Amino acid sequence: MTKPEKFEPEKENLESFKSRFVIDEVIDSYAGQLEELFLIRNPKYRFDKNYKEEFEKFLKEHLAGKEMKDAGSWFYFPWNKFLVHYLSDEMHQELRTARNRNLITKAEQEKFYNFIIGVAGLSVGSHAALTIAMMGGGKTMKLADPDEISGSNLNRIRYDFTEVGKGKCELAWRKILQMNPYAEIIDYPGGITEQNIIEFLAGPPKLEVLVEECDNLEMKIRLRVEAKRLGIPVVMATDNGDNVIIDIERYDLDPNLKIFNGIVGDLTVKEFKNFPPQELSKLASKIAGPEMTAPRMLDSLLEVGKTLYSWPQLGDAATLAGVSLSYVVKRLALGEKIKSGKLEVNLDSVFDPDYFSESAKNERDEKRRDFKDKLGL
């Protein structure tokens, strides 16, 4: 993929740099960024607007005799032909994460920023990648997905119809680099394969967490087998109606942990390859967790290939998955305690006043028993 071009003043002047590109728009809010950063560093002026003299002193010190256009960094983005003026790396991160304080301390922010994250699968995974980047995490991130955006993706992914047909990996990569052009995004637009799986996980650089959101069941297994061998924790979110099921596998803490937290036993890739086709839906359902799956989701899964082309997914659940995955990744980055296993983030249990009623519980249990009977689980 074509990377952003950074202006290097030691090699040429800005006008020469500009002349090498077709530029549709120049975005230069540098002065405003500096003023905002000044106010962030001087919160006493939150309710006192008499800071002109102090700001002028800050500005003079920052520019050190240079013109405003020669301060900071300029980046040209070839995909939209934008030329954008950014603060320096350190100042840019300080500005864009300022409202994280003190929910995330400065020391914690540095840990989160330097945590090396891999995201395999960029439908639901795109929500995780973009949210992590938005929060100031994962300066170094590996992104992998071989697929393109389709029209039916747009009910749950934050793109629009002008981006249909573009690669999922490319779009996520672009969004993150425009957010933070100093990020180090390593892209795998062909997805994860047998040939690159070790490189993706072990690097260099080696991942410190894998967010696994692949559709391919064999690759889900392969990634876990190798992550376990390498001691890399794996987190996965599964859409569940309006809710989300989160799987957390701490291979960094327990090298003997079975893949999928033991749900599929000691299943190997070789054994999976010999699975009869009619058993694959059972395996996928077992991994998803029928004991937690919403009744309408269970009904829908039985209709795939009959009245439904594919399993249904909602935008609120995909967004919630991104939030949940980002929360888990942040806690892992900060070395905080976190539950492992298969966990549910259930909005219905919070907002539906009848969710815990005996009749509602019995209805869910009956639907889940019926689903498992029909699949022979």
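Author: Let's start in the loop between α8 (197-202) and β8 (209-212), which is where P204 sits. This is a predicted model, by the way.

Reader: Good to know! Which residue is joined to P204 by a cis peptide bond?

Author: That would be G203, and omega for the bond is about 10°.

Reader: And what sort of peptide bond joins R101 and N102?

Author: A cis peptide bond as well, with omega at about -5°. N102 belongs to the loop between α4 and α5 (106-113).

Reader: While we're on backbone matters, what is the phi of A64?

Author: A64 has a positive phi of about 50°, although A64 is not a glycine. You'll find A64 in the loop between α3 and β3 (73-77).

Reader: Nice. Switching to helices: at what angle do α2 and α4 cross?

Author: Helix α2 (residues 30-41) and helix α4 (residues 89-96) cross at roughly 65°, and their axes come within 10 Å. That angle makes α2 roughly perpendicular to α4.

Reader: Is that crossing left-handed or right-handed?

Author: The crossing of α2 and α4 is left-handed. On the α2 side, the contact uses Q33, L34, E36, L37, I40 and R41, while α4 brings M91, E94 and L95.

Reader: How does that contact split by class?

Author: The contact of α2 with α4 has 5 nonpolar, 1 polar and 3 charged residues.

Reader: What about α2 and α3, how do those two pack?

Author: α2 and helix α3 (residues 52-63) pack at about 115°, with their axes 11 Å apart. The crossing of α2 and α3 is right-handed.

Reader: Which residues make the contact there?

Author: From α2 come Y30, A31, L34, E35, F38 and R41, and from α3 come E54, F55, F58, L59 and H62. By class, that contact of α2 with α3 holds 7 nonpolar, 1 polar and 3 charged residues.

Reader: Now α6 and α7, please. What's their crossing angle?

Author: Roughly 5° for helix α6 (residues 124-134) and helix α7 (residues 168-179), whose axes come within 10 Å. The two helices are therefore roughly parallel to each other.

Reader: And which side chains meet, or rather, which residues?

Author: A129, L130, A133 and M134 of α6 meet A172, K175, I176 and M179 of α7. The contact of α6 with α7 has 7 nonpolar residues, no polar ones and 1 charged.

Reader: What lines it?

Author: The largest cavity is lined by R96, Y113, A133, G137, G138, K139, I176, N180 and A183. That lining divides into 4 nonpolar, 3 polar and 2 charged residues. A133 and I176 also take part in the contact of α6 with α7.

Reader: Last topic: how much space is in the largest pocket?

Author: About 1200 Å³. The largest pocket is lined by 40 residues, and D215, L301, S310, W311 and Q313 are the closest to its centre.

Reader: Which elements give two or more residues to that lining?

Author: Those are α9 (217-230), β9 (234-240), α11 (277-288), α12 (295-301) and α15 (358-375). α11 gives the most, with 6 residues.

Reader: And the classes in that pocket lining?

Author: The lining of the largest pocket has 19 nonpolar, 12 polar and 9 charged residues.

Definitions and conventions
Residues numbered from 1 in each chain as written. Predicted model: local features only at pLDDT ≥ 70, side-chain atom pairs only at ≥ 80, totals over all residues. Heavy atoms only, no water. 1 Å grid on protein atoms, 1.4 Å probe; cavity = no way out; pocket = protein on both sides within 12 Å on 5 of 7 lines; lining within 4 Å. Points joined across faces, edges and corners; volume = space filled by probe spheres on them. Helix = DSSP H or I, 4+ residues; strand = E, 2+ residues; numbered from the N terminus. Nonpolar A, V, L, I, M, F, W, Y, C, P; charged D, E, K, R; others polar. Axes fitted to C-alpha atoms, helices over the stretch in contact; angles between N-to-C directions. Parallel < 35°, antiparallel > 145°, perpendicular 65-115°, else oblique. Left-handed = near helix turned anticlockwise from the far one by under 90°. Contact = heavy atoms within 4.5 Å.
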